[in-house]
Amino acid sequence: MGSQISTTILEARLRPEFPKTIMKLGAEKFYRCFNCGNCTAICPLTQDRASYPRKLIRYAVMGLEDRVTSSADPWLCYYCGECSDYCPRDADPGSFMMALRRLLIQKYSIASKFFFNKIAASITWTVLTLIAALGLYFFRGHSPNLEAVDIFSFIPLSFIHDVGLAIGIIIGLSALLNLISMYRSIAKGIPHSYSKIESRYPGLWVKNFFKTIIYEVAAQLKYNKCLKRSRYIAHLALLWGFLGLFIATLVIFGIDFYGLQISKVIPFIIGSVSGVAMLYGSLYFIISRLKKKEAYSMYSYHTDWIFLILLLLAGVTGFLLTIFIKTNMPMPSYIMFAVHLVVVFDLLISAPYTKFAHAIYRPLALWINNTREEILGYEKHIGR
Amino acid sequence: MVKSVLVIGGGIAGIQASLDLADQEVKVYLVEKLPSIGGKMARLDKTFPTLDCASCILTPKMVSVARHPNIELLTYSEVVEVKGSAGDFHVKVLKKPRYVDEDKCIGCGECITKCPSKVPDEFNMGMSQRKAIYFLFPQAVPLKATIDREHCLYFTKNICRVCERFCPTKAINFEQKPETLELNVASIIIATGYELMDPSIAITYGYGKYPNVYTSLEFERLVSSTGPTGGEIVRRSDNKHPRSIAFIQCVCSRDVKINPNCSAFCCMASVKHAILAKEHLPEVDCTIFYMDLRAFGKGYQEFYNRAMKEFGIKFIRAKPAKIEEDPGTKDLIITYEDTFTGVKKTLRTDMVVLAVGVKPVYPEALPLTVGEDGYIRLKSPHIEPVATSIDGVYVVGVAAGAKDIPDSVIQAGSAAIKASILAGV
């Protein structure tokens with residue numbers, strides 16, 4: 001064990017420019033840290049082994065890039081901001097953890113740089129939007145029904161189906177690749193002896209997979225533990241609003257395309273409720289980021305804004321579309337449909353590379369961490 | 001002819017400056033706002049790093065001040081106006097009424113025994129009670145009784161006057177009025193010292209909420225044989241000896257949101273407190289939580305080493321995030337990250353002592369420049385370490401910047417020399 005630690009230290013590479021990289025990602029003050037550990041101690045989530053933010057700040061200040069990028073701990077932080085509120089140096093550890101997540105998204109997938117570098121991002125978003133708009137323009141139906149609303153006379157159903165399926169597969173594969181990349185990154189930080197021990201408990205890994213999905217993803221229990229109620233509810237609304245809309249859209253599509261024998265009232269109700277939830281959630285976070293009253297909302301990076309704005313736009317255009325369809329206004333419906341499709345395309349195709357990707361990285365980190373904590377506790381218990 | 005000098009503040013720095021001036025045949029007016037000189041040092045039990053008895057050093061100096069033919073002691077007084085310039089200052093001093101004739105009072109304390117009105121004793125940080133007529137502390141200089149108008153039954157309810165009846169020298173005078181004295185001095189030395197910050201600002205430590213959380217000055221009184229418990233270290237909650245004491249450094253100091261300054265003496269003071277606790281209760285476990293242990297002075301590192309090796313005091317490098325109380329036992333649970341191991345831990349302890357930061361006090365009658373750090377700005381910290389922005393006005397002790405007793409005494413001597421030059425010695 002002793003020899004292992006010393007080799008890890010010997011292998012550590014120092015990158016003096018590393019702190020600047022993090023500063024540019026929105027953690028401008030972390031350099032002030034005098035290493036007192038107040039942040040780690042006040043954090044409601046940090047555990048025995050996963051000890052953050054101080055340790056990570058220390059690594060970053062020393063330029064130990066590998067130590068930082070091989071850590072899954074940034075994903076365990078939900079940015080409640082207590083560390084920043086009580087930091088005696090006003091070094092803002094919360095924003096440092098947030099900046100690390102921005103860094104890690106780019107570390108896990110090189111393509112993310114197209115969305116994080118400001119100049120590249122403005123080009124990427126323009127290109128994506130143009131591709132979507134031009135695609136719709138070239139493949140639109142040439143004789144849309146102008147008497148009564150029939151959105152598929154404007155954009156053919158089969159086109160949406162085929163393109164949607166293709167995009168779905170691309171997103172799924174990208175997400176998978178990124179998750180593998182993340183796993184490999186984290187694995188670098190685990191001593192070999194640990195991984196050996198961990199592989200002894202396959203049952204625990206399976207059990208914790210489902211526990212993570214239910215407790216951490218569906219119910220967001222950790223989020224609730226660390227934040228004030230209203231923010232927890234807003235995030236839950238955003239998550240379930242998005243998922244609900246996604247499900248409602250799929251069901252409606254199933255009815256229209258595959259001829260599913262279900263009443264359209266059910267997906268319509270799900271969609272409406274989810275739409276309201278998503279609008280509430282995205283507006284809540286946009287307003288708090290504009291107000292800048294709490295630690296987490298004081299500094300917003302462009303990726304934070306774009307993600308929220310796309311979510312809001314998807315919700316708003318979806319709502320307007322429904323209104324136009326229900327009131328039978330053909331031309332406004334078609335235009336809104338096109339805008340909605342463009343926004344949704346931008347939001348989904350970029351998901352594995354933008355802030356949206358926290359939706360896959362965080363559960364993986366939580367799964368691995370919670371299982372490891374449990375295994376470690378178990379090993380301690382049986383005295384190994 | 002040698003002119004006079006005004007010294008404001010009767011703590012150890014003011015006392016030293018006054019004595020050094022008076023010994024050079026300079027007439028000194030020593031103004032103190034409390035009824036007795038002595039300042040914060042009078043509250044201390046022992047001094048670091050030698051563990052000498054604080055009173056044994058201070059009391060003889062206080063008596064020398066009172067007896068010195070060249071010192072005019074103006075206690076219970078405040079400087080209200082300063083005019084003029086170096087060599088020729090015109091100063092107005094407001095002498096608050098004690099309602100006791102200082103010339104007649106012989107300090108017998110008969111009035112105090114008879115007074116029925118009890119008041120929290122500020123000298124013991126409110127941990128014991130005094131009477132409405134009182135000596136600030138038993139070794140007060142001058143040893144003259146003072147009536148606290150706010151709590152005196154005669155002033156509040158127009159009854160009692162028991163003290164007047166029992167005073168053997170008829171010294172009580174309820175008709176006394178504030179007096180304004182006019183002084184002409186060549187130079188002024190400010191030695192107004194400090195107050196502790198309000199530790200309840202550090203809300204996560206629960207001072208004021210949890211009975212067994214103390215400030216360093218409270219603990220100092222607790223270990224002192226002249227203190228509220230006669231030197232017994234007992235908990236506020238149950239009057240039992242603590243089995244463990246944790247000392248937390250840098251409370252309300254070195255925090256940019258509360259007070260960015262280091263208070264300089266707390267590290268050594270807390271090491272001293274831990275050693276004193278061990279001397280009083282050899283079985284007690286002492287832990288000091290520190291961020292950087294600043295053992296910069298002569299003999300300080302050795303003192304710190306002694307605390308570790310000889311007394312077995314534990315040192316943990318961490319700024320604890322919070323203190324919680326076990327409501328049943330009133331024990332305290334400290335949450336911290338041990339920054340040497342990177343592990344988050346809790347420590348259960350019977351008593352917590354907060355090393356609370358200081359804020360300077362300075363006279364408002366003088367248009368002094370205050371630096372960004374909140375202390376009186378020095379003309380040149382390197383070559384004129386006691387000169388203020390006003391010619392002929394000097395500052396010594398903590399009012400000029402946080403420091404310990406030896407450094408305050410050194411500054412006092414330095415300022416005395418500067419002032420004596422202006423006085424024409």
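This is a predicted model: local features need pLDDT of at least 70, side-chain atom pairs count only at pLDDT 80 or more; totals for chains, interfaces and linings use all residues.

**Chatting through the two chains**

Me: Does Met1(B) count as buried or exposed?
Reply: Met1(B) counts as exposed, with 4 C-beta neighbours inside 10 Å. Residues are numbered from 1 along each chain as its sequence is written, and chains are lettered from A and ligands numbered from 1 in the order in which they are written.

Me: And where is the place of Met1(B)?
Reply: Met1(B) belongs to the segment before E1 of chain B. Names like that come from DSSP runs numbered from the N terminus: helices are H or I with at least four residues, strands are E with at least two. The C-alpha atoms of Met1(B) and Leu153(B) are separated by 49 Å, and the two are 152 residues apart along the chain.

Me: OK, next one: how many residues of H1(B) are buried?
Reply: Eleven of the eleven, so H1(B) is largely enclosed by the rest of the structure. Among the buried ones are Ile12(B), Gln16(B), Asp20(B) and Ala22(B).

Me: What covers the buried residues of H1(B)?
Reply: The cover includes strands E1 (4-8), E2, E5 (71-74) and E13 (187-190), plus helices H2 (54-67) and H9 (405-423), from chain B.

Me: What phi does Asp90(A) have?
Reply: A positive one of about 50 degrees, although Asp90(A) is not a glycine. Asp90(A) sits in the loop between helix H6 (82-86) and helix H7 (93-108) of chain A. Asp90(A) counts as partly exposed, with 13 C-beta neighbours inside 10 Å.

Me: Which residues does a cis peptide bond join in chain A?
Reply: Tyr52(A) and Pro53(A), with omega about 5 degrees. Pro53(A) lies in the loop between helix H3 (38-42) and helix H4 (54-62) of chain A. In chain B, the peptide bond from Val141(B) to Pro142(B) is cis, with omega near 0 degrees. Pro142(B) is in the loop between strand E10 (133-134) and strand E11 (146-147) of chain B.

Me: Now helices. How many residues has H15 of chain A?
Reply: Helix H15 (residues 229-258) of chain A has 30 residues, and from first C-alpha to last it reaches 42 Å, close to the 44 Å expected at 1.5 Å a residue. The expected span is 1.5 Å times one less than the number of residues. Just after H15(A), Gly259(A) takes a positive phi of about 70 degrees.

Me: Which residues of H15(A) are buried?
Reply: They include Ala234(A), Leu238(A), Phe242(A) and Leu245(A). Helix H16 (265-291) and helix H18 (302-326) of chain A are among what covers the buried residues of H15(A).

Me: At what angle do H15(A) and H16(A) pack?
Reply: About 145 degrees, with their axes 7 Å apart. Axes are lines fitted to C-alpha atoms, for helices over the stretch in contact, and angles run from 0 to 180 degrees between N-to-C directions. The crossing of H15(A) and H16(A) is left-handed. Left-handed is when the near helix is turned anticlockwise from the far one by less than a right angle, right-handed when clockwise.

Me: And how do the axes of H11 and H20 of chain A cross?
Reply: The axes of helix H11 (residues 157-188) and helix H20 (residues 358-381) of chain A come within 10 Å and cross at roughly 40 degrees. That makes H11(A) oblique to H20(A); angles under 35 degrees are roughly parallel, over 145 roughly antiparallel, 65 to 115 roughly perpendicular and the rest oblique.

Me: Last topic: how many residues does the contact take from chain B and from chain A?
Reply: 18 from chain B and 17 from chain A, where contact is C-beta atoms, placed from the backbone, within 7 Å. E20(B) gives the largest share of the chain B side that touches chain A, three residues.

How values were computed: Two residues are in contact if their C-beta atoms, placed from the backbone, lie within 7 Å. A residue is buried if 20 or more other C-beta atoms lie within 10 Å of its own, exposed if 12 or fewer, and partly exposed in between; C-beta atoms are placed from the backbone.
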